Amino acid sequence: MARLLLCVMFVLLCRPAIALVDDIAVAAASDLQFAIKELIVEYEKQTGHHVKLSLGSSGNFYAQLQQGAPFDLYFSADIGYPKKLEEAGLTVPGSLYRYAVGRVVLWAPKQSPVEVSKGLTVLRDAAVRKIAIANPKHAPYGRAAVAAMEQSQVYAEVKDRLVLGENISQAAQFIESGACDVGIIALSLAMAPVMKSAGSYWLIPAEAHPPLEQGAVIMKQSKQQDAARHFLQFMQSPQGQEVMTRYGFTLPN
């Protein structure tokens, strides 16, 4: 019995420290909905560690983190938010990571008469009664959508037809459910199998809006800093980068 107890203690002491921590709490922008879930599945499979994921708008998470929300890692669709947290001394020094550049697309369900291949000028059509975008007040993809419509000189004509989602994922749901005729969503959502089979998209030129530089950061208040850093390293691995590329993200140099 004593020998068995010694063996169990030896195994526990020899296990990597990363496996002896609590769950990692991750706050992530909704454009990562499909990509990060796939990353988490692989990470948990390889490490035995659990990641607790919360998805939402980058701006709302930023406001919560300023007030001490208990997240270990923050993935923002606008790198400006984690930079502000860094400037305020709320993050682990040197942990800021520019993980990707996002893109926006014009998306419509297959049964829609809207021809998205015509580009943003199609939004002027009378058949387009409701257009879904993320709320530009706190969602970076919403701001990119407005900028792209302004660049195409259609915003003034269609702004009264906009339906604002709390985040980019909700905006996509509005179109997919038929509540809206068309919308401007993240390429990463449009490339997910479920969305790809349900509709079609037109890639909005990158120069039509400010670049969607996305950044992650580890929060100073986190008690799981080593585990959070380990997850970021996994994201930067060839396997993690392959997942991000497959969902349409441009990776940092």
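Predicted model: local features only at pLDDT ≥ 70, side-chain atom pairs only at ≥ 80, totals over all residues.
Asp-181 lies in the loop between α7 (168–176) and β8 (182–186), while Arg-129 lies in the loop between β5 (104–109) and β6 (131–134), so the pair ties together parts that are 52 residues apart in sequence. The two partners can also be described by their accessibility: Asp-181 is buried, with a relative accessible area of 14%, whereas Arg-129, at 59%, counts as exposed. As a general point, side chains of opposite charge can pair when their charged atoms come close.

A search of the whole structure finds 9 salt bridges, and another of them joins the side chains of Lys-45 and Glu-42, at 3.3 Å from N to O. Both of these residues belong to helix α2 (residues 33–47), where they are 3 residues apart, or about one turn of the helix. Lys-45 is exposed, with a relative accessible area of 60%, and Glu-42 counts as partly exposed at 24% relative accessibility.

Because Asp-226 and Arg-229 are 3 residues apart in helix α10 (residues 225–236), about one helical turn separates them. Asp-226 is exposed, with a relative accessible area of 59%, while Arg-229 counts as partly exposed at 32% relative accessibility. Elsewhere in the list of pairs, salt bridges that share partners join Glu-38, Glu-242 and Arg-246 into one network.

Notes:
Residues numbered from 1 in each chain as written. Heavy atoms only, no water. Salt bridge = Lys/Arg side-chain N within 4 Å of Asp/Glu carboxyl O. Helix = DSSP H or I, 4+ residues; strand = E, 2+ residues; numbered from the N terminus. Buried < 20%, exposed > 50% of the residue type's maximum accessible area, 1.4 Å probe, protein only.
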